[in-house]
Amino acid sequence: MSQIPQIDYDTASEEIRTAHDEEVRVRGRMTNMKRTLLHSPAAHRIYAEWFTLRGELAAIKDRPIWIFSHAISKATNSRIAITFFRRALINAGFNPDALELSEEEALLDAFGKAIVANSNAIPAEIWTKLKARYDSKTLVDLVAFAGIMIATAVFNNVVEVDFDPELEAFAEPNP
């Protein structure tokens, strides 16, 4: 059970209802994490910058970004985030439990895991490959995107945000 309740739309302030309605208008849905974040429209806005950075990374196709995000989610042990990206992969026709990674995907998977494992010690080999593939702006956006992914995972984990029912069908199988 979540440590912080989700907003109650009917009793929320006008500012919160406006932010809620805009999120639904722009994204088409409202997750439990967003309903919790909306206690602070500023915090919600900051976390929503994930979408801005994703737009800046448009040169990187969805699947590599999903794999990067999934790697970060797994490394932070964030069930909601893990399942969100499993759903993206499954809905696109991929089996997240049996992916054959391209060179780019393997690099982003390794980078995501390395960032979470020790952000002070990203292996030089990963940086060499990243710099050969991406320009400086893309690298800045990718690292910033990873930071928001980590922040999202930490928020979900610390607050113990209630698992979204629509994600249940996509959750990792129990070992």
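Start by selecting L53 and showing what surrounds it: setting aside residues up to four places away in sequence, L53 touches D141, A144, F145 and I148. Keep in mind that you're looking at a predicted model. Now colour helix 4, residues 49-56, and you'll find L53 sitting in it. Is L53 buried or exposed? Its relative accessibility is 13%, so it counts as buried, the cut-off being under 20%. While you're here, draw a distance from L53 to V140: their C-alpha atoms are 9.9 Å apart, although 87 residues separate them along the chain.

Next stop, the largest pocket, which holds about 420 Å³ of space. Select M33, K34, F51, F84 and T152, and you have the closest to its centre among the 23 residues of the lining. Then colour helix 1 (14-27), helix 2 (32-37), helix 3 (41-47), helix 4, helix 6 (79-91) and helix 9 (136-159), the elements that give two or more residues each to this lining. Which helix gives the most? That's helix 6, with five residues. Colour the lining of the largest pocket by class and you get twelve nonpolar, seven charged and four polar residues.

Last, move to the second largest pocket, with a volume of about 190 Å³. For its lining, pick E15, T18, A19, E22, E23, V26, R27, P41, H44, R45, A48 and E49. Helix 1 supplies the largest share here, seven residues, and helix 3 also brings at least two. By class, this second lining has six charged, four nonpolar and two polar residues.

Notes: Residues numbered from 1 in each chain as written. Predicted model: local features only at pLDDT ≥ 70, side-chain atom pairs only at ≥ 80, totals over all residues. Heavy atoms only, no water. Helix = DSSP H or I, 4+ residues; strand = E, 2+ residues; numbered from the N terminus. Buried < 20%, exposed > 50% of the residue type's maximum accessible area, 1.4 Å probe, protein only. Contact = heavy atoms within 4.5 Å. 1 Å grid on protein atoms, 1.4 Å probe; cavity = no way out; pocket = protein on both sides within 12 Å on 5 of 7 lines; lining within 4 Å. Points joined across faces, edges and corners; volume = space filled by probe spheres on them. Nonpolar A, V, L, I, M, F, W, Y, C, P; charged D, E, K, R; others polar.
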